[in-house]
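Here is a friendly note to read alongside the model. Please keep the sequence and the 3D view open as you go through the points.

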Amino acid sequence: TPNNSQSPDKTRLTTMPKKRTSSSKKLRKGAAAASPGSNGHKKTAKEYVEAAELAMQSQDAHQAIALYNAALDVSSVATQADVDTTFVLEKRAEAKVSISDVDGAREDYQQALKLVRRRQPAAAGSTTADAPSLERMASLLLYMGQLSGGKDALDAYQEGIAMLRSSLELRQKETTVATNHPTATAALDETRKQLAAACCSAAEVFLTDLCDQENAEQECESYVKQALSSYVDPQTGAPLIDALQTSASLLFSQCRGLEAVESIRQCYSQLQAPCEALSKLVGMYLGEDASNDNEMKDNQQSEQAMELTQIQAVQALPGFEFRCQTAKLLLEGCACLVQADQDEPGNTQNYKSQSLQCAQAAVHVLGSLMAENDEVIEIWFLAGDAYNCLEQNGVAQQYYEQTLEMLQQVKQSLEQELDEACNQEEEEDLQQQVDEITCQLEDVQQKLEEMGDTKNSAEPMEE
C-alpha cells in the first residue's frame, strides 16, 4: 500500500469541474448494463465481472458497481461459481472508493476478510494459514485502515502488520529450504516490502489522527525504524521509498529539517529518472539534455526509444498522491535550507545550492504529475511555489495565474450547483466547498501580490 500522507495545506487536490450526471441516469445506465442480453443469454458471474472491469476502465463506477452486484447475485445461486466472491467484493470496494462511498467500501473489505478467514483453516488443513493467505488478509486489513481513521485505522494496521510478520517467518523458512530459488526469494522480498509499507501507514496515523496521543512521537519513531529496516533493496541497499518519505515527514515534524532534507532527497533519487523523463513531455525539465540529435542515425529510432522510455517511466513511478506529497516535502526542505543559509552566513554546507536542488527536484516531480493529469489545481499552485523558490518569478507568476483561473472556474461551477441544490444537506456541503475555494483564491492572490511587491521593490526608482 502506498504511503499517501495527508497535508495540512489549504490548497488541496481540487480538479476541474466535470459535467454532472444525475443519479437516476446512472442507476438506469447501471441497471441496463447488468440485465441479461437481448438474445436471452444469461450472463455468468465471470462475464459480469469482465463487463464491470471495462466499465471501470471507462471511469463509469456506478455501472461497474451494478455489474459487480449482478456477479455476486449470480455467484450466490450458482452450483459452481466461476469467480472468487472475495475478489468481486474487493473490486466492488475499489469502485465504491472511486465515488467516495467510503463506508460501503469498508463494508465490502470487511465481508471479504470474513470469507477469507472462514476458508483458511479448512483449506490449510490446520489452524495456521499459509503465507499467501496471511498476506491477502493483511492486504484487506491495510485497505480497511486506509478507509478508517484514528484508533480504528491503527488497529487495522497493527493486525495487518502482525499477519505480515507471521507470513515473513514462513517465507524465510521456505527460502532456507529452497536456497537461492528465485521464486522463493522474490516472494520473500515482496513480503518485506508489504511489511515496510504497513509500518509506514501505522506511523502516519501517529503523525496525523493520533498525534496528540501519549507517546505518539515514540510510537511513530518505532514504526519508521521498522519500515526503514524491514526492506532494503538488494541491489542499491536503499530502503523502501515509502519509508524514506515517512521518515522525512517525521523529521520535519520534529524540527530536524536538515536530516529531513537528506531523507526526502534519498526518496527523490529513486524517482529522479522517470520524473525527469516525464517532465520533458510538459516542458518542465530543468537539467541539461544529454542527448545529441546529430548523433542519432535514425530519427524514427529516436522517437521509438523516447516512447519506450515514457512507458517505462510511468510504470516505474509510485502513485499520484505519493509524488504530490514528495513534491511538498521537497519544497519544505527548500524553505528549511534557505533558513539555514540565513542563520549561518558563510557556512561551508552550501545550503543555498542544496535549496535550489530541492526546488529543481520538486519541479521534476510536479512535471511527472502534470504529464499524468494537468487538471489537478494543486499541482499548478505547487509548481508556482517551486519556480518561485528557483527565483524564476515570471514562470512562477504564470503558474499562479493559471491556478487562479482554474479556481475561479471551479467556484463558478460550485455556485451554479448551489443554486440548484435539492436539499439542505447538499446545500451545506456545496457552501463549504465554495468557502474552501474562496480561501484558496485568497491564498493565490496574496502570492501574486507578494510577487508584484518584490518586483516593484527590485526596480530602481525614477528620478
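Is Lys352 buried, partly exposed or exposed? The answer comes in point 5, once the ground has been laid.

1. **What you are looking at.** This is a predicted model, in which local features need pLDDT of at least 70 and side-chain atom pairs count only at pLDDT 80 or more, while totals for chains, interfaces and linings use all residues. Residues are numbered from 1 along each chain as its sequence is written, and side-chain values use heavy atoms, with hydrogens and water left out.

2. **The overall build.** The chain has 18 helices and zero strands. Helices here are DSSP runs of H or I with at least four residues, strands are runs of E with at least two, and the numbering starts at the N terminus. Of the contacts in the chain with a separation of 6 or more, 69% join residues 24 or more positions apart; a contact means heavy atoms within 4.5 Å.

3. Out of 463 residues, 41% count as buried. Buried means under 20% relative accessible area, exposed means over 50%, and partly exposed lies in between, with a 1.4 Å probe and protein chains only. The chain exposes about 25,700 Å², and carbon and sulfur atoms supply 46% of that area. These areas come from the Shrake-Rupley method with a 1.4 Å probe, and for residues only the protein chains shown count as cover.

4. Side chains of opposite charge can pair when their charged atoms come close. The rule used here asks for a side-chain nitrogen of Lys or Arg within 4 Å of a carboxyl oxygen of Asp or Glu, and by this rule the count comes to 18 salt bridges. One of them joins Arg136 and Asp84, with the closest N and O atoms 3.2 Å apart. This pair links distant parts of the chain, as Arg136 is in helix H6 (residues 131–146) and Asp84 is in the loop between helix H3 (61–77) and helix H4 (85–98), 52 residues apart. Arg136 is partly exposed at 28% relative accessibility, and Asp84 is partly exposed at 28%. Asp84 and Arg136 also belong to a network of salt bridges that includes Glu90 and Arg119.

5. **Two further pairs.** Glu159 forms a salt bridge with Arg117, with the closest N and O atoms 2.0 Å apart. Again distant parts of the chain are linked: Glu159 sits in helix H7 (residues 150–177) and Arg117 in helix H5 (residues 102–124), 42 residues apart. Glu159 is partly exposed at 33%, and Arg117 is partly exposed at 35%. Next, the side chains of Lys352 and Glu391 meet in a salt bridge at 3.2 Å, N to O. Lys352 is in helix H15, while Glu391 is in the loop between helix H16 (377–389) and helix H17 (393–419), 39 residues apart. Now for the opening question: Lys352 is partly exposed, with a relative accessible area of 34%.

6. Which residue other than glycine has a phi near 60°? That is Glu391, whose phi is positive. Ser100 is another case to look up: its phi is positive, about 65°, although Ser100 is not a glycine. Ser100 lies in the loop between H4 and H5 and is exposed, with a relative accessible area of 60%.

7. **Two glutamines to compare by eye.** Gln325 is in helix H14 and is buried, with a relative accessible area of 8%. Gln325 and Ser249 are 76 residues apart in sequence and 9.5 Å apart in space, C-alpha to C-alpha. Gln349 is in the loop between helix H14 (320–343) and helix H15 (351–372), and Gln349 counts as partly exposed at 44%.

8. **A charged patch.** Glu425, Glu427, Glu428 and Asp429 form a negative surface patch. Patch residues have over 30% relative accessible area and no salt bridge, and like charges are joined within 9 Å. Asp and Glu count as negative, Lys and Arg as positive, and His and the chain ends are not counted.

How values were computed
Patches are made of residues with over 30% relative accessible area and no salt bridge: like charges are joined within 9 Å, nonpolar side chains (Val, Leu, Ile, Met, Phe, Trp, Tyr) within 5 Å. The place of a charge is taken as NZ of Lys, CZ of Arg, CG of Asp or CD of Glu.
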